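Hi,

Here's the structure I promised to pass along.

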Amino acid sequence: MKALRVNRGAIDTHVHLFDPQRFPYAADTRYRPVPGECGRAEDLTQLLEVHGFAGALLVNPTSGYGYDNRCMLAALARAGGRWRGIARVPISTPRARLRALAAKGVAGVRVDLVGDGLALINAPDFARLLAVLTDLDLVLEVQCEHDQMAALAPQITQGRVRVVVDHCGRPDPARGLRQPGFQALLRLADTGRVAVKLSGAFRFVDGAWPYPKADHFVAALLAAFGPERCVWASDWPFLRMPHRTDYGPVLALLARWLPDAGSRRRVLVNTPRQWFGFPSGPD
């Protein structure tokens, strides 16, 4: 598989920063990334430049920082608009705090059902959070796996919030396309308010690159959502991986999933800029 040359103006929509020397990990974090898993803002700048990316969406990680967004916000402040952010906050966070985060370059809030479980989606504060995000035009970013989306989908369908789903929804590859969680995700395409990250094949299939067991899930998502509501992401710096993972091979997967250059341009340039509030890119 050949290396993929990205389109001018491309955006990587899922990267994490870990800089424990300047921003110590939260005391109650469930996992502390080791030095080989860390990535500072300076490291990300070099990586994106080498691979031809114009910008990135920084996702505050559950590991290491949890609800502490300081590392991400400091990077956004220095990025001059080239980077945008997704914050991790308690679902009870006041509207004023969310508005203040938006003013600092935050495009949305991530809910991690894999790490936090499904109980939070039934809390009154969760419904309030969805309403506030809608009013502020911020996205709800969801990390879920297996059939968790089947439980969340009714609230998404009934509401008006824009939603971005991480890592293809992390289906169970052994259960195929018909599993309830993945079918619920596909049906959300009808809302017109949901987008999916074509990312994290290594998060939901076993084996080594190029992760062929992910291909039919990606194909189904592209058929349902189209390039207009799909984005690409690396998940750099590849936390908690059982084997070495590098940026170039992960990026090359997109050429197999989307052989059409025009569709790749939408996924890499146009769609992420529209969904996350980046300045307009090249046509």
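β1, helix α1 (residues 41–51) and β2 build a right-handed β-α-β unit (right-handed: with the strands pointing away from the viewer, the path from the first strand over the helix to the second runs clockwise). Helices (H or I, at least four residues) and strands (E, at least two) are DSSP runs, numbered from the N terminus. β2, helix α2 (residues 70–78) and β3 make a right-handed unit too.

Before you read on: this is a predicted model, where local features need pLDDT of at least 70 and side-chain atom pairs count only at pLDDT 80 or more, while totals for chains, interfaces and linings use all residues. Residues are numbered from 1 along each chain as its sequence is written, and side-chain values use heavy atoms, with hydrogens and water left out.

Now the pairing, which takes at least two DSSP bridges between two strands. β1 (residues 11–15) runs parallel to β2 over three bridges, with D12 partnered by A56. On to β3 (residues 83–87): four bridges tie it to β2, again parallel, and here A56 has W83 as its partner.

β2 (residues 55–59) is mostly covered, with five of its five residues buried (under 20% relative accessible area, 1.4 Å probe, protein chains only). In a regular strand, side chains alternate between the two faces of the sheet. Here G55, L57 and V59 point one way, A56 and L58 the other.

Zooming out, eight strands form an open parallel sheet in the order β1-β2-β3-β4-β5-β6-β7-β8. The edge strands are β1 and β8 (230–232), each pairing on one side only.

Cheers

Conventions
Buried means under 20% relative accessible area, exposed over 50%, partly exposed in between (1.4 Å probe, protein chains only).
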